[in-house]
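Good morning, and thank you for coming. I shall go through one structure and ask you to follow along on the screen.

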Amino acid sequence: MDLSYLFKKNVWMPGWGELSLSALLIALISGFLLLPFFSPQPDAYKGIALFINYSLLTHFLHSLHSYSGDLFLIAGFMHTFEYIYKRSYQSYSFKSWFLLILLALFSLTAVFSGFLSIGSKESLSAESIVKGILSHLWIGGRWLSTFLFAKGHSSIIYMHHISTFTVLSIILIYIHLRRLKAENYVFYYTLILLTAFSMFFPEGIGYAPQTPLETIEGPWYFIGFQELLGWLPVWAAGISLPFILFLSFSLLPFYKKNNNRVLYAFLLFSFFYIIESFIGYFLRGDGWQLLYR
Amino acid sequence: MQKSKKISRNAFLKKISVFFSLISGVILFSTYGKTLNRFFTHARIYRIPLKRIKNRIYENDRFFILKENNKFTVLSKKCPHLGCTLQRINSVDIIVCPCHGSRFHITGKFISGPAAQNMKRLNYKTDSNNIIIIKSS
């Protein structure tokens with residue numbers, strides 16, 4: 001299977017890794033610029049809504065921050081795909097590869113904790129789901145839940161978003177690349193792309209927590225997972241599957257055979273996940289019922 | 001013939017101590033986990049004035065209270081599946097979960113969906129003016 005065209009570098013499509021790093025830098029800068037406008041409120045949603053409505057500039061910066069997080073994930077996923085396609089994992093030691101898997105995990109949690117800290121109806125539901133999954137974890141679930149959300153303190157997940165997960169991601173990126181500066185061309189290219197996107201499609205912050213909604217969807221990258229949780233028991237979809245994925249990815253350097261099995265497994269899972277996301281996004285109606293019901 | 005790799009005594013002791021620490025950590029955590037959980041749980045008390053419960057069904061952001069023949073049924077609004085806040089469909093006596101589509105009758109009885117269990121009933125007391133709900137979390 002020849003998919004090399006997906007990873008060919010040219011003027012309009014620089015490398016996925018570099019694109020991902022540029023998106024992260026833009027997310028960091030826009031997040032840093034937003035900080036002075038943020039005044040913590042007991043209701044997290046109010047705090048975010050206040051600085052969104054403060055001026056056009058803050059709304060633009062929030063959109064830029066949000067879209068750069070999304071691009072960071074997409075480019076990061078494509079970069080992982082590139083590693084699988086080119087069998088780069090074979091040249092890594094287990095330790096270095098494991099640090100990359102941790103980087104992928106912390107990148108995802110950094111972006112997801114941003115979604116959770118908005119305090120909207122959707123993010124509060126996502127928080128309940130995460131707590132629900134953690135309560136099924138045999139060891140350490142309660143502790144992890146308290147660590148992430150600390151009862152009654154909605155700002156804790158925000159603190160994790162701006163410090164814990166972001167700092168850990170940056171450290172692991174530095175270990176991976178030995179630099180944090182993106183190539184100039186790619187950085188400005190990404191900045192122009194995201195600026196245009198943020199100007200034409202300003203990002204909202206979801207519904208207020210009190211709004212009665214008959215369907216609640218998580219962030220786009222977790223809709224497939226939300227759908228899976230509806231089909232399978234929590235221990236299977238919420239605990240075993242992520243654990244098996246994490247374990248399989250971590251052990252890839254030990255798979256030295258020169259065939260495409262890993263690539264096919266990766267593609268099959270991605271295809272399955274996209275289908276699940278499609279069902280969740282387009283075919284679910286009121287009360288999370290399939291439209292034909 | 002391949003030579004077997006020699007491992008130094010220090011390295012061997014280091015590896016074996018990490019291994020046994022992990023095993024004992026798991027055993028300790030699974031044995032005393034429930035005791036530790038007590039530090040993370042606490043009960044909350046909610047008072048709802050009885051005069052507010054005028055209709056057959058009363059709801060706020062945490063509970064559904066069903067009043068039939070002057071008897072109350074207090075149900076948690078948290079879905080027993082993964083904790084999303086349940087919504088009532090006003091025209092019928094059905095409660096749905098907006099996150100994964102579980103459905104319940106207004107009495108809390110499970111109808112369909114991934115929750116596969118009834119809604120959680122909460123203990124309550126009444127005094128002359130209030131209904132007092134004790135909820136552990």
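Predicted model: local features only at pLDDT ≥ 70, side-chain atom pairs only at ≥ 80, totals over all residues.

Residues are numbered from 1 along each chain as its sequence is written, while chains are lettered from A and ligands numbered from 1 in the order in which they are written.

The predictor assigns the complex an ipTM of 0.84 and a pTM of 0.87. Helices (H or I, at least four residues) and strands (E, at least two) are DSSP runs, numbered from the N terminus.

Let me turn to the contact between the chains. Chain A contributes 21 residues and chain B contributes 18 residues; two residues are in contact if their C-beta atoms, placed from the backbone, lie within 7 Å. On the side of chain A that touches chain B, α5 (121-135), α6 (141-149) and α9 (223-231) each supply at least two residues. The largest share of that side, six residues, comes from α5(A).

Eight of its nine residues are buried, so α9(A) is largely enclosed by the rest of the structure. A residue is buried if 20 or more other C-beta atoms lie within 10 Å of its own, exposed if 12 or fewer, and partly exposed in between, with C-beta atoms placed from the backbone. The buried residues of α9(A), among them A:F225 and A:L228, pack against α10 (234-250) and α11 (261-282) of chain A.

Next, where does A:I118 lie? A:I118 is in the loop between α4 (94-116) and α5 of chain A. A:I118 counts as buried because it has 25 C-beta neighbours inside 10 Å. Beyond its neighbours within four places in sequence, A:I118 is in contact with residues including A:Y45, A:I48 and A:I205. A:I118 and A:I205 are 87 residues apart in sequence, yet their C-alpha atoms are 7.0 Å apart in space.

β2(B), residues 57-59, and β3(B), residues 63-68, pair in the antiparallel sense over three bridges; two strands pair if DSSP finds at least two bridges between them. These two strands form a hairpin with three residues between them, and B:E59 stands opposite B:F64. β3(B) also pairs with β4(B), residues 71-76, in the antiparallel sense over six bridges. In the hairpin of β3(B) and β4(B), two residues lie between the strands, and B:N69 takes a positive phi near 50°.

Finally, an open sheet of four strands in chain B has the order β5-β6-β7-β8, with antiparallel pairing. β5 (87-89) and β8 (110-112) of chain B stand at the edges with a single partner strand each, so one side of each has no neighbour in the sheet. Within the sheet, β6(B), residues 94-96, and β7(B), residues 103-105, pair over three bridges, and B:I94 has B:H105 as its bridge partner.
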